[in-house]
Amino acid sequence: MAKARGLALAAALLLVGCGGSSAQTKPQTLRLALPLVPTVLDPALATDLPSLNVSHELYAGLTRFSGTGVEPDLAESWDVGEGGLVWTFHLRKGIRWSDDSPITAADFKRSWLRALAPGTHAPYAGPELGIVQGARHLHATGNGSIGVQVLDPRDLRVTLQHPVPWLDELAAFPVAAPAPPRPNLYSGPFRLVSRTAGKLVLERNFNYWNADEVEPIRLVLSTATKGADAVLPRQLAGPGLPWIDTAGPPRADAGQLSMLTTGLLWFVTRGTPLADQGARQYVAWVISHLDLGTEPVSFAPPAMPGASTVNSHAPVAIQGKPRPLALTLAWAEQDRTGSRIAAALRRQQGELRRFGIELDFRPAATVSKLETQPDADLVLLGWSSKVFDAYNELDEFTCGSAFNVARWCDPAYDAGMRQAVRTLDDEARWQLERKLVERLHVGVPAMPIYHADDSFSLRPGVHGFSWSPIGLYELDGLTRS
């Protein structure tokens, strides 16, 4: 079975200023404020979201993130065969590097091998390319081959370790873009022309296959918000990582952007009073009835495709009130939203005591210290998805997950996850994921407690900013009238 993939670009977020003239004069330069100026622009080495986003503008991949998935970029189409095991990408005719040399399928294989080499230390190589056959072994040992075959200059065949529905999404991350064979070559909408302390200057790459749709001539990127035409999203943590808000509050005039992110209250299930499932269910029920200043929350963020199906579950019957519980709550102080949740729980201590729950509050300074926090029964720590499917949110709870803070293990849950990841049909997979969410509500390794968002601010008259809830954005159409 072959299946063509490719989603249309989601509608751009628009802010159009009032103008009295029919003639529009577009400036040569747009000044954009980032939360930090990237120091690493190698697409294989980018880690934080600002670095990933700037790399996303300098280097094109097979696909490109849109608001609800991906769209074709350097690949004009792709076929999926053998039940999702084999993907064949067909490159556009005549695609070129910024020096006019051709981009070929061999550039992708060379770059993936480079990213997976242990000596490269590419942080996203394992998470994004590890599904390729042989990639995990190469990444761990530096030896072996991978399931990537160059059929001809325009056709790339990729064989996976096992079928997945979203290789097209993994291929949109910068680590999967072709790394330049020589310095100062670019394949994306822009090219770097100047780099100084605290400032990057990008100009339009006229060799980009879709250069006619790129509005700005020049982009000046810095952390300075004064005089900026746009203040771009402030989030720092990349997708597929524990989500921590470190960027600070948005400007008063900022627009809000949904993210595929869920803040979780974890229940540590080994060596704590919460080892008892009934106790976990009771505590979750009590906390769900408190006013913590948040909107209704679910395991799959509302912006996630299929969220309404996945989040549906049968009510859980509470078996009765356990004996009084003395519990500790840990969170990272750098997580502003988590800190607000902790403060709200502190304000509700009287109500918690009424239900026989006594909380001791133990903040950790950083995420790394939070992950090794001793004697914690409850842990506030969120997660940011790297694909447009609840599977990546639910993968935290598998027995072998490094991010399973609860240390909860349900073999039946893991079996359901193995089935879901091999199910290409979206509706069928969402039904499987719904059953997994029901297991989470019964087993209670965690409860969803908040959804995060990000923000942007554009000057009047600036428009054309496109956002993906994965955390990557598009500047191609950014202009001012």
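Arg346 lies over the face of Phe361, at 4.3 Å from the ring centre; a charge is counted as sitting over a ring if NZ of Lys or CZ of Arg is within 6 Å of the ring centre and within 35 degrees of the ring normal. Arg92 is placed over the face of Trp209, at 3.5 Å from the ring centre. The model is predicted, with local features requiring pLDDT of at least 70 and side-chain atom pairs pLDDT 80 or more, while totals for chains, interfaces and linings use all residues. Residues are numbered from 1 along each chain as its sequence is written, and side-chain values use heavy atoms, with hydrogens and water left out.

Rings of Phe, Tyr and Trp (its six-membered ring) pair if their centres lie within 6.5 Å, and planes under 30 degrees apart count as stacked, over 60 as edge-to-face and the rest as tilted. The rings of Phe65 and Phe388 have centres 6.3 Å apart and planes at 45°, so this pair is tilted. Phe65 belongs to strand β2 (residues 63-65) and Phe388 to the loop between β16 and α11, so the pair ties together parts that are 323 residues apart in sequence. Strands (E, at least two residues) and helices (H or I, at least four) are DSSP runs, numbered from the N terminus. Phe65 and Phe388 are buried, where buried means under 20% relative accessible area, exposed over 50% and partly exposed in between (1.4 Å probe, protein chains only). Ring pairs also link Phe65, Tyr124, Phe173 and Phe388 into a cluster.

One disulfide is found in the whole structure, a disulfide being a pair of cysteine sulfur atoms within 2.5 Å. The sulfur atoms of Cys399 and Cys409 are 2.0 Å apart. The torsion about their S-S bond is about 90°, so the disulfide is right-handed. Cys399 is partly exposed at 30% relative accessibility, and Cys409 is partly exposed with a relative accessible area of 40%.

Strand β14 (residues 325-332) is mostly covered, with seven of its eight residues buried. β14 pairs with strand β15 (residues 357-364) in the parallel sense over eight bridges; two strands pair if DSSP finds at least two bridges between them. Within this pairing, Leu325 stands opposite Ile357 in β15. Three bridges join β14 to strand β16 (residues 378-384), and these strands run parallel. The bridge partner of Trp331 in β16 is Leu380.
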